[in-house]
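Welcome! Take a look at the chain below, and then we will walk through how it is put together.

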Amino acid sequence: MSRVVCVSCIDGRIHDFVFKAIARIFPDTMVDLITEPGPDAFLTKPESTQSLIWDKIDLSIDVNSSKAIICIAHEDCKGHAVSKDQHKLDLEVWLKNIKDRYPKIPSHAFWIENSGLAEEVGSSLSLKS
Ligand SMILES: [Zn+2]
C-alpha cells in the first residue's frame, strides 16, 4: 500500500474529513499524519518548530517512501485564528515552500470546513467528504 504525508492541525474535529479528502485523490493510501496547531501558519512558527516539521516530512519521504505531501487549514482553527481568505493565502505560501524544498514530490493543500467540505487550494477542486 502506498503512503502520503499530511501536515494537519491537532484539532480532532477534522481528522476524518482530512482522511476522506486525501482518499479522493489517493485511494487505498496510508497517511503519515504530522499535527501542529494552525499548521498553515508554518512560517510564523519558531525555527525549532519548523525544523521538527521538516524533519518529520523528511522521515516520511525518506524512510516510509511517501509519494506526496498534503497540507491542511481548517475553519474555526484555534491555533491560527484568521479569516478563510488568509488561511488560503497561508496555504499557498506553505505549498510554495514545500515545492521549493521537494520539487519532485507532488503536493496538495486543502481547506476543510466544519461541515466536512474539503476544497483543494491551488485548484478548483471541491470535494464533499
Ligand atoms: Zn486548527
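## The parts list

Helices here are DSSP runs of H or I with at least four residues, strands are DSSP runs of E with at least two, and both are numbered from the N terminus. Starting at the N terminus, the elements come in the order β-α-β-α-β-α-β-β-β. That gives three helices and six strands.

A word on the source: this is a predicted model, where local features need pLDDT of at least 70, side-chain atom pairs count only at pLDDT 80 or more, and totals for chains, interfaces and linings use all residues. Residues are numbered from 1 along each chain as its sequence is written.

## Strand 1 and its partners

Which strands does strand 1 pair with, if pairing takes at least two DSSP bridges between two strands? Seven bridges join strand 1 to strand 2 (residues 29-35), and the two run parallel. Within this pair, V7 stands opposite I34 of strand 2. Between strand 1 and strand 2 the chain passes through helix 1 (residues 15-25), in a right-handed β-α-β crossover (with the strands pointing away from the viewer, the path from the first strand over the helix to the second runs clockwise).

Strand 1 is also joined to strand 3 (residues 69-74), by three bridges and again in parallel. There, C6 has I70 as its bridge partner.

## Buried or exposed?

Five of the seven residues of strand 1 (residues 2-8) are buried, meaning that 20 or more other C-beta atoms, placed from the backbone, lie within 10 Å of a residue's own. Across the 129 residues of the chain, 33% count as buried.

Note on methods
Buried ≥ 20, exposed ≤ 12 C-beta atoms within 10 Å, placed from the backbone. Pairing = 2+ DSSP bridges.
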